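Student: I have a structure open and would like to learn how to read some of its features. Could we begin with a pair of strands?

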Amino acid sequence: MIGRGGGGAQRKDAEEWPNLVEVILSWSLEDVMNEGLLKDKVKRIPSTFSYLKSYLESYASPLLEELRAEMSSGLESLSTMPFVRISSIEEKKGNKIYEISAPPDSQIAKSCNQPECYAPSVGDIIILSDVKPGHISDVTRNEKPYRIAFVTEGGDEDDDSPPSKYVIIASGKIDAADGKCQNGKRNSFFAIYLLNIVTYIRLWRCLDYETAARRNLGLIQEMVNYPLVPNILQKCSKDVDSIDSMEIWTKLSTMDLNNSQNDAVLNCISAMHCNRNSSSFSLIWGPPGTGKTKTVSVLLWLMREMKHGTLTCAPTNLAVKQVASRFLRLIKEHSFDTSNLGDILLLGNKERMCIDGDLKEIYLHDRVRKLLGCFAPLTGWRRHLSSLSDLFENGYSQYLQYLHDQEEGDKPSFLSYTRKRFAIIYTDLKRCFKELLFHVPKSSISEVNYNNILSILKMLEDFKSMFQRNYIGDEIKEVFMYKSGESDSRNTSLLKHWKTIITLGKVRLKCLEQLNMLLSCLKLPITSSKRIIRDFCIEHASIIFCTVSSSSKVTNKKVELLVIDEAAQLKECETLVPLRLRTLKHAILIGDECQLPATIKSKVCTDALFGRSLFERLSSLGHEKHLLNMQYRMHPSISIFPNLSFYGGKISDAPNVREGEHEKKYLPDSMFGPYSFVNIEEGREEFDDLGRSRKNLIEVVVIEEILRNLRNACAKAKRKVSVGVICPYTAQVLAIQEKLGKMKFDPIQVKINSVDGFQGGEEDIVILSTVRSNSDGLVGFLSNRQRTNVSLTRARYCLWILGNATTLLSSGSIWADLIRNAKDRGCFFNASSDKALSRVIAKQKSDLIRVEVKRNKPPLSSRNNRVWVQSQSGLNEQGSSSMRVSPDAGNSPGNIASAAYLPRLIDKKEDWQQNWRQSYAKLRGPSTLSNDVFEY
């Protein structure tokens, strides 16, 4: 459940921090689609700040504007957004709070990718309407009732299936009449998903000054005031020789780090040591392929060895998984004891994380399920200890009571009874303690109890071994009647195997003593609540992995160090979420501002620098960065241009990429060496149906031909190769996916995605389609240096760039430098010089001409079939007036008139989107729609 406040703590002062949910619910759909709604309130965020309050206030309006823009994006793609039919709506407590019920078939929704499969989640913003919308005008047509609502209760994140009822807060009252027809029957209601605002709520709370002032002011003030106050780090000598433990040096020497990686780790540790009583930030600069993840995992491994509580965050679930996986592998390779991993914890949404393999050992959801049986009152550790203690102390009286209760049937002997009872209890106890010793931190059990558990398990195993021997018979009663101090001498003629009986009796007493000691001293939860167990795991872990947003769940008092991986991909205000922890003393940011920043949907926010990261801001102000200066990924022919263009030539190639094994030849022509630019002068860029994104079908067929030749060559050589096809434009991604269809590529694995989709990834071969081909040298956002850097640094062995050299040379961008560099190095080739490529280009040009001729034929009645509508912006990228054709223009006048209810919603943002959006969703899935941005 998320508090309905969605803002700061409850206060009575006049300037109470606004409630975010109330702000959202006060917006109409017209407000959401209004790009100028908050434009005047959003100001450019400065680089330096004097006060915490002004710092926090500078992010408030941009955050609201970005939220509005994301909601608007959801409305634009409403026809493909998930929805569910609501079976009932009942007012719960007044104040626009209602309980809605979903039908039973929605329980499988989370495993279904179809739009009609939707199970609401806490934090969702939904639209309630009596129609299943095709687009936004369906909701608002003829002033039909609709409500924006916020899901505030419903289910638990550890539940295996969603609930059937949810509590919502609506933007207005939902009268009974709204859901009734004239015949008195209730109409169908639909809940359509727009977005989840949990992350926005967490950020909004962090921007509340009164709340922030009561949290971790040390690191936050260091962040806000830099460099207006003397930098604490500069006051301290950071000579790594000052680290007083040679053990650290010894451990580091086994990690096979290069000098720059070693220096980065040691400088961070040194900064922590010499600033024990103050706060500090450290920055590690990790260009592509420089072993950033390895460096982070080694740093975390040392923090665990040094018993420093550490919270490790990243922007995405995928990035968190990558660093956690690498760290876990390092632990298993270099730690002597891997029998207990309870101090390591991975948090995250179970649907989005898709945890498998070894990560299940540290994943919170799986750990809670494992510990549930161990903590439950009727099946847990205390029940098993008590049952075994009772058996050892009162075994014979239990047996007599059992006989008394048995009215019919065979009555077992005492030996048979005790053997069976012991086997059942001991098996359950052993299983339970095995889970506890692995999943509960040693510090929560205590070293003494931990060793006592190991001791009792060994003693019980010895008792079991002796107890199962065949020569033990009726004398077993003596084992359970034996008391401490009793004489060891008996008439051996009366009792056989007396020495064994005495030994077993003594072992039983020792076990009983140890069992009772554990019952008295072991302080672990006794509960069947998943929430309590989840909180226990979080509070007692010392190494925690989660997304920056999910760090709001962490209340651990052991955490003193914050490590943020991919820090340059975060909006600075997002960093405030983990920084709220009071116990944090130090923060280490790892990233590269030369690669992609955070994704921002609102152009207003982009202009206001809302997407700038803390890493980038501190770096721009001169904060020291520890550069990882050796790259292990790219063939030197690939790395040379980005190294010189983006990193000033500071990066060297590691020995592994300079060796002959990194020289791969997949296709015979010199055009397909380690690095090449393939000039396609015949290319032609065109808009997609929306006029928003671009594609180049000539480049599409060239890619198809290259992949076909590559597949044949690799199949003949029996080589498995991974290939990435990178496109800056979504329309080009879709065009390639559509062209290739279900083509089989074995033995090569092909991944086709946008530049954003390849951030952090790498492939053996990368084919880069630049798309742009025009006589004016216009390349739009292709000129973005960060995007270019990511595009050029994903390949290990071969990078083949396709594009129109004339266009790129005329652009005056980084691409002009690339063309000149390729020509100077002899890596420039014309596609027309290759017979196979020349043939497919000629065929595609012919096909395009036929399509163009057919398209330009005048319709029989253009007046009835087309309506020309000026685009919202009024100007296209070239600066001329932009006119488009509405595909719905042939609809009846009534439909057009009803759409006029929201005149801003019937331009290209809706009517032209529906077919394209449905195609997009079919190819990529609905989840990717939220990442779509305007592409120029």
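Tutor: Strand 20 (residues 721-727) and strand 22 (residues 763-769) run parallel and are joined by 4 bridges. Strands here are DSSP runs of E with at least two residues, helices are runs of H or I with at least four, and both are numbered from the N terminus. Two strands pair if DSSP finds at least two bridges between them. One of the partners in strand 22 is Ile765, bridged to Val723.

Student: What kind of model is this, and how are residues numbered?

Tutor: This is a predicted model, in which local features need pLDDT of at least 70 and side-chain atom pairs count only at pLDDT 80 or more, while totals for chains, interfaces and linings use all residues. Residues are numbered from 1 along each chain as its sequence is written, and side-chain values use heavy atoms, leaving out hydrogens and water.

Student: In what order do the strands of the open sheet lie?

Tutor: The order is 21-20-22-23-17-24, 6 strands with parallel pairing. Strand 21 (748-754) and strand 24 (828-830) are at the edges with a single partner strand each, so one side of each has no neighbour in the sheet. On average, neighbouring strands are turned by 20° against each other, direction ignored.

Student: Which strands does helix 25 touch as it packs on the sheet?

Tutor: Helix 25 touches strand 17 (675-679) and strand 23 (795-803), and its direction makes about 65° with that of strand 23. Contact means heavy atoms within 4.5 Å.

Student: How are two packed helices described?

Tutor: By the angle between their axes and the distance between the axes. Axes are lines fitted to C-alpha atoms, for helices over the stretch in contact, and angles run from 0 to 180 degrees between N-to-C directions. Helix 25 (residues 636-646) and helix 30 (residues 785-792) pack at about 160°, with axes 10 Å apart. That makes helix 25 roughly antiparallel to helix 30 (an angle over 145 degrees). Ile638, Phe641, Pro642, Ser645 and Phe646 in helix 25 meet Arg785, Thr788, Asn789 and Leu792 in helix 30.

Student: Is Val771 buried or exposed?

Tutor: Val771 is buried, at 0% relative accessible area; buried means under 20%, exposed over 50% and partly exposed in between, with a 1.4 Å probe and protein chains only. Val771 lies in the loop between strand 22 and helix 30 and has a positive phi of about 75° although it is not a glycine. Asp256 also has a positive phi, of about 55°, but counts as exposed at 64% relative accessibility.

Key:
Parallel < 35°, antiparallel > 145°, perpendicular 65-115°, else oblique.
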